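This report sets out computed features of one protein model.

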Amino acid sequence: MTRKRLSTRALFAAGLCTLGLATSAWGQSMSDVQKVAKERGLSTADLLAAAQTFTPSGKIDDYLIFSSGGHSGQVFVIGVPSMRLLRTIAVFTPEPWQGWGYGVGEDVLAEGLVKGKENLWGDTHHPALSETKGDYDGEWLFINDKANARIAVIDLRDFETKQIVKNPLFINDHGGTFVTPDTEYIFESSQYNVPWGAAYAPTSDYEDEYRGAVTMWKFDRKAGRIDKSKSFAIELPPYWQDVADCGKLESDGYLFLNSINTELATGGIEDKKPPFEAGVSMNATDYLHIINWKKAEKVYQAGKYDMIEGFPVISMQTSIDEGLIYLTPEPRSPHGADVTPKGEFIVVSGKLDPHTTIYSIDKIKKAIANKTFSGSDAYGLPVLDFDAVMEAQVEVGLGPLHTQFGPDGYAYTSLFLDSAVARWTLGGVYGPLNPEPDWTLVKKTPVQYNIGHLGAAEGDTVSPDGKYLVAFNKWAVDRFFQTGPLLPQNFQLLDISQQGTHMPVIYDMPIGMGEPHYAQIIKADKLNPWAVYPEIGWDPQTQSVDPWAPRPKMERVERKEEGTVEIFMTAVRSHFNPEHITVKQGDKVIWHITNIERAVDATHGFAVPVYDINLSLEPGETATFEFVADTPGTFPYYCTEFCSALHLEMMGYFMVEPAD
Ligand code: RUQ
Ligand code: CUA
């Protein structure tokens, strides 16, 4: 039942009838609209798209995008359908507006030390919202850092990063983050493989010394932290493991993980060896890894693991003995692996194959039970016969990468080389579809340009919402003003609310940061964030009241023994208390500040020059930072948020008396 697209004129006429407004007023508005449209060269389709996306002041978006911030190291939060950037969340990279790394957050950033070194950025790829029964629950967000194999945990009560964990086994990840349907575990798998712990070994030792792995990080929802003591890894061959997805419903208990470089190529263009781009794509097929994580959990709990780099690892031999991992061929250079909403199929797309390949979990389970193997790989892992587990192949176009789903049995695949989004039907298993209840390509909508990931509203959950899809395009070329040779990337919003071939692009959002990769889109009313911190004196790192938090009438400067000065300060419109602080050069300074405001949005900043301090103190928040007052001088501290009419007056003097 394809709905006819209504013309703008019809829309306005319909509005007029329903509202029963005076014809003359609407006639006037219509001619104003027509005048503006004519002046700006807008078509009827443009006006309709504007009506679908324009969000008047004070109206709130229906959905939120949590987008990877790419190598900004952050997460972006964007409203849909307005495509307004609402917030960045500082994760791996210090960010002064949020105070992240400039007085607070240092402890969390320090958890992410890599071989003892600071890497104060990240290459974030795949955010994962926490799930309950396979549906987003709006409580937690996880994201990986591909560059250094780290995972971050973000609390969606205050949209702040609470934890960073560094993977002890590998140094580069890509297959992460993906959560189990009830968020018991967060998966992270390696990509550019190295010897355990990124120790030194020449590439001539690749087959024996280099290893892949998938880590199952245990998430403790009550503590709001990854519990390293209950986490473990599974050893994998040194293929380049790529993107993954967790099974759900019919495929619950499994992880599906792609790989490339089953050739075990090691590059060496400078020595006239096949360069990686050729060596890695020689084979006609690579391997989909089918991992029974529920079984792996039992094997780990039974103690059948080795300790490597201080971390429990289930060896490949144990996986073979216990039947934890099966491989099956997948077409050339696979990238995305995406599980359908009911969990019955896994859609894999190979960048160098114009088809998506659909595997059936039913067939996979039967092939495992019947041992329908076509052989084993070089490491002895059993390979399930391709024809026994494959359900269908759909020719969607050039460069298929990732797939998302709608509520009506449609799948949507990004086509990198075609620069398009393909809509196709999932074999009619979700009921008869227009036009054909079959594995059929329905429509390709061009996008601008080079789409990587795509995200549909709740499109990777057990209950996709449809309505909107966002194409995360790598290039923008001619879409925006030429901002020098470095251009923004282009998030394009598509209307997928109608069945059939109507699937237009309705908004372009330039994104001048990143390069973003994956994003998830959640219904906004599933989130329940705090407007202000629950109580005055709240420490966001512990999500509880800090007993040391300064409170009104308890402001003071305390000189302790051995050259330590402790400051207890409050902030409220429009003053800090105290306003004069004098210490001696060489003193250790422990500074506590509480924002004692209870009004929504009454945030104060707090900047101290020379000492590299800038905080963001949200209503109720308390922060503590320490430094050694090694530089004498007179330093005005002040509020960096324009909080009131007397904001400029919200300052004080920090004076450091010279030692002699
Ligand atoms: S990935 S598009 Cu991590 Cu496909 Cu980037
Ligand atoms: Cu507080 Cu400006």
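Does D601 count as buried or exposed at its relative accessibility? In this predicted model, the relative accessibility of D601 is 65%, and the residue therefore counts as exposed, the cut-off being over 50%.

## Overall form

The chain contains 10 helices and 45 strands. Its radius of gyration is 28 Å, close to the 26 Å that the globule rule gives for 660 residues, so the chain is as compact as a globular protein of that length. Along the principal axes, the C-alpha atoms fill a box of roughly 80 × 80 × 50 Å.

Of the 660 residues in the chain, 57% are buried. Among contacts between residues at least 6 apart in sequence, 61% join residues at least 24 apart.

## The cavity

Rolling a probe the size of a water molecule over the atoms shows where empty space is left. The count comes to 1 cavity of 30 Å³ or more, and the largest cavity has a volume of about 240 Å³. Its lining comprises 24 residues, with F178, D245, D460, Y518 and Q520 nearest the centre. Two or more lining residues come from each of strand 4 (128-132), strand 8 (173-179), strand 13 (240-246), strand 19 (334-339), strand 25 (400-405) and strand 29 (451-457).

Strand 13 gives the largest share of this lining, 4 residues. By class, the lining of the largest cavity holds 12 nonpolar, 7 polar and 5 charged residues.

## The second largest pocket

The second largest pocket has a volume of about 890 Å³. It is lined by 25 residues, and R87, W530, A531, D601 and E618 are the closest to its centre. The lining of this pocket divides into 15 nonpolar, 3 polar and 7 charged residues.

D601, one of the residues closest to the pocket centre, is placed in the loop between strand 40 (588-595) and strand 41 (604-608). Its phi is near 80°, a positive value in a residue other than glycine.

## Backbone details

Most residues other than glycine have a negative phi, and most peptide bonds are trans. K133, in the loop between strand 4 and strand 5 (135-145), has a positive phi near 55°. At 66% relative accessibility, K133 counts as exposed.

The peptide bond from R573 to S574 is cis, with omega near 0°; S574 lies in the loop between strand 37 (564-572) and strand 38 (575-577). A cis peptide bond also runs from N577 to P578, with omega near 5°. P578 belongs to the loop between strand 38 and strand 39 (580-584).

## The setting of M503

M503 is situated in the loop between strand 31 (489-495) and strand 32 (505-511). Its relative accessibility is 3%, so M503 counts as buried, the cut-off being under 20%.

Apart from neighbours within four places in sequence, M503 is in contact with Y412, V421, R423, K443, T445, L494, D495 and I496. M503 and G224 lie 279 residues apart in sequence and 40 Å apart in space, C-alpha to C-alpha.

How values were computed
Residues are numbered from 1 along each chain as its sequence is written. Chains are lettered from A and ligands numbered from 1 in the order in which they are written. This is a predicted model: local features need pLDDT of at least 70, side-chain atom pairs count only at pLDDT 80 or more; totals for chains, interfaces and linings use all residues. Side-chain values use heavy atoms; hydrogens and water are left out. On a 1 Å grid over the protein atoms alone, a cavity is a set of points where a 1.4 Å probe fits but cannot get out, and a pocket is an open set with protein on both sides within 12 Å along at least five of seven lines; lining residues have an atom within 4 Å of a point. Grid points are joined across faces, edges and corners, and a volume is the space filled by probe spheres set on the points. Ala, Val, Leu, Ile, Met, Phe, Trp, Tyr, Cys and Pro count as nonpolar, Asp, Glu, Lys and Arg as charged, and the others, Gly among them, as polar. The radius of gyration is taken over C-alpha atoms; the globule rule is 2.2 Å times the number of residues to the power 0.38. Buried means under 20% relative accessible area, exposed over 50%, partly exposed in between (1.4 Å probe, protein chains only). Contact means heavy atoms within 4.5 Å.
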